[in-house]
Amino acid sequence: MSKVSHYNSTNPATGQLVKSFPSASDEEVISALARAHDTYIKIWRENPVAKRCEIIGRAADLMRERRHELSEIAVTEMGKTIGGMEMEVDISADILEYYARNGHDFLKTVPCPGVPGAEVVSEPIGVILAIEPWNFPYYQIARVAGPQIVAGNTMLVKPASTVPQCALAFEKLLVDAGAPTGVYTNLLCSVSQINALIDNFLVRGVTLTGSERADASVAERAGRNMKKVVLELGGSDPLIVLEDANLEEAIQRYIVIGKERGAKFQEGIVKIFTAMQAGDPMDRSTTLGPLFAETGVRDILAQVEQAKAAGATVVCGGRRINRSGYYVEPTLITNISLENPLFQQETFGPVASLYVVDTEEEAICIANATTFGLGSSIYSSNIEHAKKIASKMEAGMVFINSALNSGADVPFGGVKNSGFGRELSELGIGEFLTKKLVRVHEKYL
């Protein structure tokens, strides 16, 4: 194995290094795995479900108590506005509380209908390796930690290299809530060290939220090692505005039916985008924060230039903002052909694509003509008609009259190249459980 030299915490609003963390040695990685496995075998899976739920519930309470502290850490590490970050902390605490409240019912032994003496027991499987991104540093971890720690599994978590302080703060929540050493461990490590962990038999499941290329690599490696995998890849989520939709509510890829409505919709988006104020994300009057890193700025600007070169029109924005830090203008792009690279790309920044079509059939065709299938949205005043359109959408989630509207009690996940498996709800806790049949012979009943 080999390792990177450090994880850097950099303030994206200023570009200044805040703190640097040494990455784990090969010995530290193997030691963490051994400790997580030992804790699983000797302590955690043997703990009553009620005790596991109690600890996760306490972590949820601590998360709410430390709301401002946790939000400030994330703002200075990945650039989300303070209001947006407080919302993420709230949602993350809600997820932990949800599994603390419902874990016992989710893990109940269930009789096999019509088969006397047969029942299915839910049991944990062991050490789960979670590889998480930078864009939702608490929410992404909570989606896995809440259900899997309640289930009785233990976790090794590799956070993105730009948000080490967020990951460490999350780990401290669990420690302070009473989780034994080895239940949750952050690993500031390299890709090669992660590969070695996937190859190790003691890791029994892998979950990753990341890029299409990274997920494919992890899935291939895990498959060779007969490991269960949950993958949440990228998305290029379409939002269809039907002809009967309220345009004011819909303005938030956009696909609008009707040329005149499309022109009004574009006018509304431009008005919103040009009114956004870039500034310090800790300032509550700021409506546009920075991107997470300099590489993010370069990637976004390169995507805009590639789109223009392929014939697209930049209606507004498309440039770097002249100030310190990693800021890009809110950008609206139109006239995007299906062959344009932007059509199939996920943009990690303030870039929106607008498609104006003549019919619903065209709208559905454009929405589905992507390799991704995470979420999609439909705006309409006719709910039943919108549900019919939803049945034709190739996506793991369809939201009617809202953009992303996820929560702890509903499943999250995609189809096609957006991955497989589900997080959140009862489905999320079931991804890394063994469903064991226990059957008593009829003569002993």
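**Exercise 1. The end of the chain.** Find where L445 is placed relative to strand 18 (433–439), and decide whether L445 is buried or exposed.

*Solution.* L445 has its place in the segment after strand 18 (433–439), where strands (E, at least two residues) and helices (H or I, at least four) are DSSP runs numbered from the N terminus. Residues are numbered from 1 along each chain as its sequence is written. This is a predicted model, in which local features need pLDDT of at least 70 and side-chain atom pairs count only at pLDDT 80 or more, while totals for chains, interfaces and linings use all residues, and side-chain values use heavy atoms, with hydrogens and water left out. The next step is to look at the relative accessible area, for which buried means under 20%, exposed over 50%, and partly exposed in between (1.4 Å probe, protein chains only). With a relative accessible area of 56%, L445 is therefore exposed.

**Exercise 2. The whole protein.** State how many helices and strands the protein has, and compare its radius of gyration with that of a compact globule.

*Solution.* The protein has 14 helices and 18 strands. The radius of gyration is taken over C-alpha atoms, and the globule rule is 2.2 Å times the number of residues to the power 0.38. For 445 residues a compact globule would have a radius of gyration near 22 Å, and the 23 Å of the protein agrees with this. Along the principal axes, the C-alpha atoms fill a box of roughly 75 × 55 × 40 Å. Of the 445 residues, 53% count as buried.

**Exercise 3. Salt bridges and their surroundings.** Determine how many salt bridges the structure holds, and work out whether K80 and E88 are buried or exposed.

*Solution.* Side chains of opposite charge can pair when their charged atoms come close. A salt bridge is counted when a side-chain nitrogen of Lys or Arg is within 4 Å of a carboxyl oxygen of Asp or Glu, and the structure holds 27 of these salt bridges.

1. K80 and E88 meet through their side chains in a salt bridge, with 2.7 Å from N to O. K80 counts as buried at 17% relative accessibility, and E88 is buried as well, with a relative accessible area of 3%.
2. D105 is joined to K108 by a salt bridge whose closest N and O atoms are 3.3 Å apart. D105, at 47% relative accessibility, counts as partly exposed, and K108 is partly exposed with a relative accessible area of 44%.
3. K172 forms a salt bridge with D176, where the closest N and O atoms are 2.7 Å apart. Both K172 and D176 lie in helix 6 (residues 164–176), and they are four residues apart, about one turn of the helix. K172 counts as partly exposed at 46% relative accessibility, and D176 is partly exposed at 33%.

**Exercise 4. A loop residue.** Locate G311 relative to helix 11 (294–309) and strand 12 (313–316), and find how many Å separate the C-alpha atoms of G311 and I336.

*Solution.* G311 lies in the loop between helix 11 (294–309) and strand 12 (313–316). At 46% relative accessibility, G311 counts as partly exposed. Along the chain G311 and I336 are 25 residues apart, and their C-alpha atoms are separated by 7.1 Å.
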